[in-house]
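Trainee: Could you show me how to read burial, strand pairing and backbone angles in a model?
Mentor: Gladly; let's take them one at a time.

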Amino acid sequence: MRHNTNTVKIILACFLIITSFAQSQTLVARWLYDGSINDSVGNANGVATGVSFVGASINGKNKTVASFDGTGGIEITSNLNSLKLGNQFTISAWVNVANWNGTGGNNSFTVLTAGVPSQWPVDPHQSAYTAAFNSNYSNFVVESVDSYPTRVMTATRSSTVNATGTVSDWSQRTLGINLNEWHLLTWSYYGPSNTITSYLDGNVLFINESSSNGSNLVPYNSISTVRIGLDTQKILGSGAPFFSGMMYNLEVYDQALNSAQISNLYQAVPEPS
């Protein structure tokens, strides 16, 4: 009887561990891009321009991926409540840059922007969650619905820094991203401690290099538009170019994944759905 009781306890403990792990990785959106632009989890489907599908090899695995020609991207305006961008979340995507366009900060590519377009003409980044990067740094911005320049904002520009450069010296930074290479970019936001962490290929780049008060963020149930590979500033006539390259398996989690979980994302390239 004691043996059976111990066995039950072990099984129950394993169940609780598995359940806890599963809860910590709640996937709310996945655009796998294996021949379709549709969201296979939350049904947040959009319309694409300048996007086609090609074959590619990621970490030695042959995949069908989305190819962005630099003239457009994907826009989604329905079923966005399921994204639950709010108190904590994680955005992750495999990217392969074909061409760096622009100079300085304007060569950054927007992977995903989710926000309220009616307020973007005031400030293109306002009222939005924006995950972007360029050859020098990873950029993640979470902003409020306040009017510029008094908006409440929390942001981080995260990057590796070479031996001769300081954190504040952008000219000495490098992410180590070359053209025609696959990399996994991940951004994790944990609201309770106002912590943003950026990752490259499963490794931490930086944690909250620059941040301010994270209150009054645009609520996830107010988000009316998600744009993938499209830069809001460019749509308004300035800013970064549209993404030029390939993308695979863009995911959104409603939890801030930890370093071990994000490392697993890099090690296990998802299979086509």
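Trainee: Does Asn43 count as buried, partly exposed or exposed?
Mentor: First, a word on the source: this is a predicted model, where local features need pLDDT of at least 70, side-chain atom pairs count only at pLDDT 80 or more, and totals for chains, interfaces and linings use all residues. Residues are numbered from 1 along each chain as its sequence is written, and side-chain values use heavy atoms, leaving out hydrogens and water. Buried means under 20% relative accessible area, exposed over 50%, and partly exposed in between, with a 1.4 Å probe and protein chains only. Asn43 has 43% relative accessibility, so it counts as partly exposed.

Trainee: Where is Asn43 placed?
Mentor: Strands (E, at least two residues) and helices (H or I, at least four) are DSSP runs numbered from the N terminus. Asn43 lies in the loop between strand E1 (27-31) and strand E2 (47-48). Its phi is positive, about 65 degrees, although it is not a glycine.

Trainee: And what is the phi of Asn180?
Mentor: Asn180 has a positive phi near 60 degrees, and it too is a residue other than glycine. Asn180 sits in the loop between strand E10 (153-158) and strand E11 (182-190). With a relative accessible area of 58%, Asn180 is exposed.

Trainee: How do I read the side chains of strand E8?
Mentor: In a regular strand, side chains alternate between the two faces of the sheet. From E8, Ala128, Thr130 and Ala132 point one way, while Tyr129, Ala131 and Phe133 point the other way, and all are buried. Six of the six residues of E8 (residues 128-133) are buried, so the strand is largely enclosed by the rest of the structure.

Trainee: In which sense do E7 and E8 pair?
Mentor: Two strands pair if DSSP finds at least two bridges between them. Strand E7 (residues 109-115) and E8 pair in the antiparallel sense over six bridges. The bridge partner of Gly115 in E8 is Ala128.
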